[in-house]
Amino acid sequence: MKVLKFGGTSVGSSKNINKVINILTNYSKTDSVVCVVSAVGGITDKLLVAGDLAKNKDEDFNEAFKTIKEIHISIVKELIPTKNEPIISYVQEKLNELKSLLDGIFLINELSPKTSDKLVSFGELLSSFIIAETMKSRDISAERKNSQDIVVTNSNFTKAEVDYKITDKNILEYFKSAKERITILPGFVSRSKSGEQTTLGRGGSDFTAAIIAAALNVTQLEIWTDVSGMFTTNPKLVKQAYPIEKISYQEAMELSHFGAKVLYPPTVQPVLDLNIPIHIKNTLDPEAIGTIISNKDAHSTSPVKGISNINNIALLTLQGSGMIGIPGFSRRLFETLSQEKINVIMITQASSEHSICLGIEEKDAHAAKAAIDTTFENEIELHKIDPIIVERDLSIIALVGDNMKNHQGISGKMFSTLGKNNINIRAIAQGASEKNISAVILQCDVKKALNTLHEQFFEIKTKQLNVFITGVGNVGEKLVEQIKQQRKYLKENLKINLRIAGLSNSRTMIFNEDGIDLNNWKDLLKEGEKASLQGFFEKTKTLNLRNSIFVDVTANYDVANLYANYLRSSIAVVACNKIACSSDYENYKLLKRLSLKYNAPLLFETNVGAGLPIIDTLNNLIASGDKVNSIQAVLSGSLNYVFNNFNNTTKFHDVVKQAGVEGYTEPDPRIDLSGVDVARKILILARESGVEMNLEDIENIPFLSESGLKSDSVNDFYETLIADEAHYQKLFASAKANNCQLKYVAKFDNGKASVSLQEIPIGHPFSNLEGSDNIVMFYTQRYPKQPMIIKGAGAGADVTASGLFADIIRVGNE
Ligand code: ADP
Ligand code: ASP
Ligand code: MG
């Protein structure tokens, strides 16, 4: 004999019920089958909502009833299209009873636990009847037996306790003489010794099946549901979760107790002593292997078996100096909760005994506070203890595994993983058996916490990076394309799963927490919502994805001003925008501090020399104990381009214009030609060398003509270049006469920095710089005479994008 249980989704539509019937008929070819069914999916909730509306004198309960009625009638009609009248009239009769009950609740304005049990029982009673009758109509040997006639409980309504002695006897007696191959029973419903309808608690159909399996001592209990087994974590919240093939009773119990809804926690108890394995299977995919819960081969080497969560938790904290060393506080606390029938899910007590912390269901918080404050009224009045503190909107997450006790550092890993993602932990508990480590966190962080922990403990080193890019102009577009090209490589070779979760230009922005489709991101972006810098930040923060990275590919002041907000939310910042790091020193320092405090890298390699590894090299020198003596550099790709192409046969204006066309200058070329851009770069290098300095401290000797310096607009500026051609030709002529080349040079020496146009003699390392190349020479304690030189293309969309890309990967490798 086999016992199978089918859950709400499995019997949630005529299509699924047909699948169930197929499974049952196949099984019944070789063995007799006991089948326990839940109510049609969602009906228990709907019954409770209808009851609540009626209780609150809300006429809408009629509508709620109508929906329940229509669902059942249409299932019958679909399953048994002809000759269904007797069945429909029985269902109708039951529904009339239900309607009368709801009318009664409406009339008296009250819904007691006892009436509530009567109400919800309709769900399973109807579903089991419909399924059995459908089978009979198809000439399948099936009979329905009402579990209320065999499962006997106490009168603890809504979660009654089973009297096993009577129940087991009833089960054995009934099945001794059952003639049909298939017996269908409603799960969840039962009856008290005095004959009142009771239920076994929400999700209790699993339990009904386990009680019957144990009484009949069958070889296997099968729980058929809508997922392919017990997963490593809730598959609805973590896409990468996968079914656990084998798991021990203890582990399954812990996981279900801590929220893995796939199995009702008490289910394990009846079958445990008899060693009856529980097989969890998927009605929607019967071929899938599923999960076997037993004590056989369940102990894998991996210490963590699963991660689960319970939402809607409140944390109660009882504290006060009067608690220390005085016995009896805990006893009185727990007695109070027990009298109120409040279930305590988690307990932690600081070793100082100064405070005790309890996790309970949020719905009980109000009653718990009132009762506890009353119990400790005297002590509170005497200021020995404080009134109980209640915190809401919390969740418990738990790591579960029999083998955790044999491995060190699991909790350390758990908490550092959560910490790195800025998930605040309110309380921690570790069971003495070490099968479980649980933590209380904010409910809004649950999805992120489960995903990060799953990544840490189950996804063998694959790290997901979620990138949010602002500014998809020239460089940004290149970056998106490079990411698209490299995604596969990164996944396969670096185990990095890089996704773009947000994109914005100045007009529109789009988000997708599963990663934006990079094959048509431009069209998607066109259709996006109206862009806003603050909105982009808020959305990035609310999505709350792990390893989030904000990438600033603008030259915008307001974007730079939001870095602090991103860092405070533990979102890494990667920027080619130089404004933040060359802003006021206090602000630069603040960003550095925030980056450290919130564990969110702030990387800006592309601020100097585009994709060249200049800042990274400098950081490595400093980190390894070197000290910078001086820096000499040509740091402007644009100015290098300009002075490489300007001579007595070209016009200064045309060369500058061309540099703009080729994307070498900032949108406003004055930023390059005034030397401000280079000054910002040398400032950033000086600061990264450990020097406190501001932009005003940098000596900037201009080479522009007087009118060029004073121009009010970009257009005016170009006009001055034409008018002052002679001024620029003079600069060229002087250099040529001295057998030199013009180079725009940045220097940092002895705590002082300057930027200026210089005549560089032939043969100097700066002299043969081509195109838009940059060069940096670091003279340090370790490189006192022969400097460390970094040289190469220092401007251009492609190299800048690849520099940003490298920073993103650096964040991933942190
Ligand atoms: P049924 O109606 O079949 O009893 P339930 O809704 O009670 O189904 O339980 C199945 C659901 O449990 C899944 O659809 C899934 O959303 C949820 N669930 C939560 N944690 C887990 C887990 N660790 N493994 C599998 N399912 C889980
Ligand atoms: N129908 C009940 C519930 O939804 C019992 C069950 O499905 O297991 O809680
Ligand atoms: Mg269930």
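A residue counts as near a molecule if one of its heavy atoms lies within 4 Å of it. Keep that cut-off in mind for the two ligands. The model itself is predicted.

Start with ligand 2. Which residues are around ligand 2? They are S38, T44, E124, F188, R202, G203, G204 and S205. By type, this shell divides into one nonpolar, five polar and two charged residues. Some of these residues make polar contacts. The side chain of S38 has an N or O atom 2.9 Å from an oxygen atom of ligand 2. Backbone atoms take part as well. A polar backbone atom of G203 is 2.7 Å from an oxygen atom of the ligand. For S205, a polar backbone atom is 3.0 Å from an oxygen atom of ligand 2. Taken alone, ligand 2 exposes 270 Å², and the protein buries 86% of that.

Now turn to ligand 1. There are 16 residues around this ligand, and T225, D226, F231, K236 and K261 come nearest. The shell of ligand 1 divides into six nonpolar, six polar and four charged residues. Look at its oxygen atoms next. One oxygen atom of ligand 1 is 3.0 Å from an N or O atom in the side chain of K5. G8 uses its backbone: an N or O atom there lies 2.9 Å from an oxygen atom of ligand 1. V262 also has a backbone N or O atom in range, 3.3 Å from an oxygen atom of ligand 1. Taken alone, ligand 1 exposes 570 Å², of which the protein buries 89%.

Next come the sheets. One open sheet has three strands, in the order β4-β6-β7, with mixed pairing. Its edge strands are β4 (152-153) and β7 (197-199), and each pairs on one side only. β4 pairs with β6 (residues 189-192) in the parallel sense, over two bridges. At one bridge, V152 has R191 of β6 as its partner. Helix α5 (residues 113-137) packs on this sheet and touches β6 and β7. The direction of α5 makes about 75 degrees with that of β7.

A second open sheet has seven strands. Their order is β21-β20-β19-β18-β22-β23-β24, and the pairing is again mixed. Why is one side of β21 and of β24 left without a neighbour in the sheet? β21 (529-530) and β24 (602-603) stand at the edges with a single partner strand each, so one side of each has no neighbour there. Further in, β18 (residues 463-470) and β19 (residues 496-504) pair in the parallel sense over eight bridges. In this pair, I469 stands opposite L503 of β19. Helix α15 (residues 474-494) lies across β18, β19 and β22 (548-552). The helix runs at about 160 degrees to β19.

Finish with β28 (residues 752-761). This strand runs parallel to β26 (residues 698-701), and four bridges join the two. Here I698 stands opposite A753 of β28. β28 also pairs with β27 (residues 740-749), in the antiparallel sense and over ten bridges. V745 stands opposite S756 of β28. β27 and β28 form a hairpin with two residues between the strands. What phi does N750 take in this hairpin? N750 takes a positive phi near 55 degrees.

Terms used. Residues are numbered from 1 along each chain as its sequence is written. Chains are lettered from A and ligands numbered from 1 in the order in which they are written. This is a predicted model: local features need pLDDT of at least 70, side-chain atom pairs count only at pLDDT 80 or more; totals for chains, interfaces and linings use all residues. Side-chain values use heavy atoms; hydrogens and water are left out. Two strands pair if DSSP finds at least two bridges between them. Contact means heavy atoms within 4.5 Å. Axes are lines fitted to C-alpha atoms, for helices over the stretch in contact, and angles run from 0 to 180 degrees between N-to-C directions. A polar contact is a pair of N or O atoms within 3.5 Å; within protein, one must be able to donate a hydrogen and the other to accept it, and residues adjacent in sequence count only if both atoms are side-chain atoms. Accessible areas come from the Shrake-Rupley method with a 1.4 Å probe; for residues, only the protein chains shown count as cover. Ala, Val, Leu, Ile, Met, Phe, Trp, Tyr, Cys and Pro count as nonpolar, Asp, Glu, Lys and Arg as charged, and the others, Gly among them, as polar.
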